[in-house]
Amino acid sequence: MMIPEALALSALLFTIGVVGVLTRRNAIIIFMCVELMLNAVNLSFVAFSRLYGMTGQVFVVFVMTVAAAEAAVGLAIIIAIFRHRQSVDLSNINLLKG
Amino acid sequence: MPDFFYRLHFYLFGLIAIASALAFVTRKSPVAAALWLVNTMFSLAALYVMMDAHFIGAIQVLVYAGAIMVVFLFVVMLLNLGHPDELSDLRGKWGRLAGGLLGLALLAQVMAMARTQAPASLVQNDFARAHELRDLNAVSAVAKPLFNEHLLAFELTSLVLLVAIVGAVVLGKRRASA
């Protein structure tokens with residue numbers, strides 16, 4: 001039923017998202033990497049729902065809702081930061097640096 | 001045993017997803033990155049449909065590729081990012097090396113986790129699943145557990161969305177004094 005393949009694909013996409021978060025500095029691209037990680041988790045939820053019943057797909061709906069809420073709030077924060085600093089580069093946002 | 005064409009399309013869409021994700025992470029322009037991410041999401045939607053999750057595939061296209069990515073592109077446009085002079089947002093050599101190594105370690109861990117066997121008592125047999133999908137249609141197969149067992153969680157998501165809307169408006173509002 002191609003479940004191991006789907007899980008491997010999900011792991012690979014999640015890792016690509018993590019590497020993106022670690023290597024980029026543009027806040028918007030980092031947000032999109034988080035979305036990619038959420039998508040990878042959704043893929044493994046759907047793959048598991050073929051084994052364990054429909055609850056996996058219900059969880060995908062919840063994950064999508066939280067992703068939409070997170071995108072709205074996160075992008076509002078990015079806009080607020082941009083108003084202060086005229087930049088979304090995370091290396092400029094170092095107020096907490098000791 | 002899935003037949004040959006099923007396998008072929010599964011690998012094809014998987015390859016498209018991985019290639020677009022790699023292109024997404026390496027593009028410098030935020031607009032190009034967002035469009036590659038949309039490509040990844042479309043091929044994931046195709047994979048969902050192939051794995052009998054038709055409703056999830058539909059809302060993947062509508063919500064993720066349609067709504068969320070449009071919001072991202074809208075913000076990129078609003079902030080007027082994407083000029084060629086400010087594009088070098090990749091970290092330096094050591095940062096990229098550390099990121100790649102951490103990614104490889106994480107990949108090894110997650111792959112090892114994905115190879116473990118699930119307890120057989122939890123597995124719903126193939127016949128019951130096909131029966132469930134045929135009796136209910138693709139939408140009500142998702143809707144029945146959503147509105148019965150998970151009704152409280154479903155109502156709570158409305159609260160999450162409300163808080164997110166209020167938070168986004170408060171954060172995005174231009175203060176009169178500033």
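View 1. Helix 2 of chain B is followed by Asp52(B). The phi of Asp52(B) is positive, near 65°. This is a predicted model.

**View 2. Helix 2 of chain A passes the length check and is mostly covered**. This helix covers residues 27-52. At 1.5 Å a residue, its 26 residues should span 38 Å; the end C-alpha atoms lie 37 Å apart, which agrees. Is the helix mostly covered or mostly open? It is mostly covered, with 21 of its 26 residues buried.

**View 3. Helix 3 of chain A packs against helix 3 of chain B**. Two packed helices are described by the angle between their axes and the distance between the axes. Here the angle is about 5°, and the axes are 10 Å apart. Angles under 35 degrees count as roughly parallel, so helix 3 of chain A is roughly parallel to helix 3 of chain B. Which residues make the contact? Helix 3 of chain A contributes residues including Gln57(A), Val60(A), Met64(A), Ala67(A) and Leu75(A). From helix 3 of chain B come others, among them Ile56(B), Ile59(B), Tyr64(B), Ala67(B) and Val75(B). By class, this contact has 16 nonpolar residues, one polar residue and no charged residues.

**View 4. Chain A and chain B meet through residues from both sides**. How many residues does each chain bring to the contact? Chain B brings 66 residues and chain A brings 61. On the chain B side, helices 1, 2, 3, 4, 6 and 7 each supply at least two residues. Helix 4 of chain B gives the most, with 11 residues. The side of chain B that touches chain A has 50 nonpolar, 11 polar and five charged residues.

View 5. The mean pLDDT of chain B is 86, and 87% of its residues reach 70 or more. Where pLDDT is low, the predicted coordinates should not be read in detail. For the complex, the predictor gives an ipTM of 0.91 and a pTM of 0.89.

Key: Residues are numbered from 1 along each chain as its sequence is written. Chains are lettered from A and ligands numbered from 1 in the order in which they are written. This is a predicted model: local features need pLDDT of at least 70, side-chain atom pairs count only at pLDDT 80 or more; totals for chains, interfaces and linings use all residues. Two residues are in contact if their C-beta atoms, placed from the backbone, lie within 7 Å. Helices (H or I, at least four residues) and strands (E, at least two) are DSSP runs, numbered from the N terminus. Ala, Val, Leu, Ile, Met, Phe, Trp, Tyr, Cys and Pro count as nonpolar, Asp, Glu, Lys and Arg as charged, and the others, Gly among them, as polar. Axes are lines fitted to C-alpha atoms, for helices over the stretch in contact, and angles run from 0 to 180 degrees between N-to-C directions. Angles under 35 degrees count as roughly parallel, over 145 as roughly antiparallel, 65 to 115 as roughly perpendicular and the rest as oblique. pLDDT is the predictor's confidence in each residue, from 0 to 100. The expected span of a helix is 1.5 Å times one less than its number of residues. A residue is buried if 20 or more other C-beta atoms lie within 10 Å of its own, exposed if 12 or fewer, and partly exposed in between; C-beta atoms are placed from the backbone.
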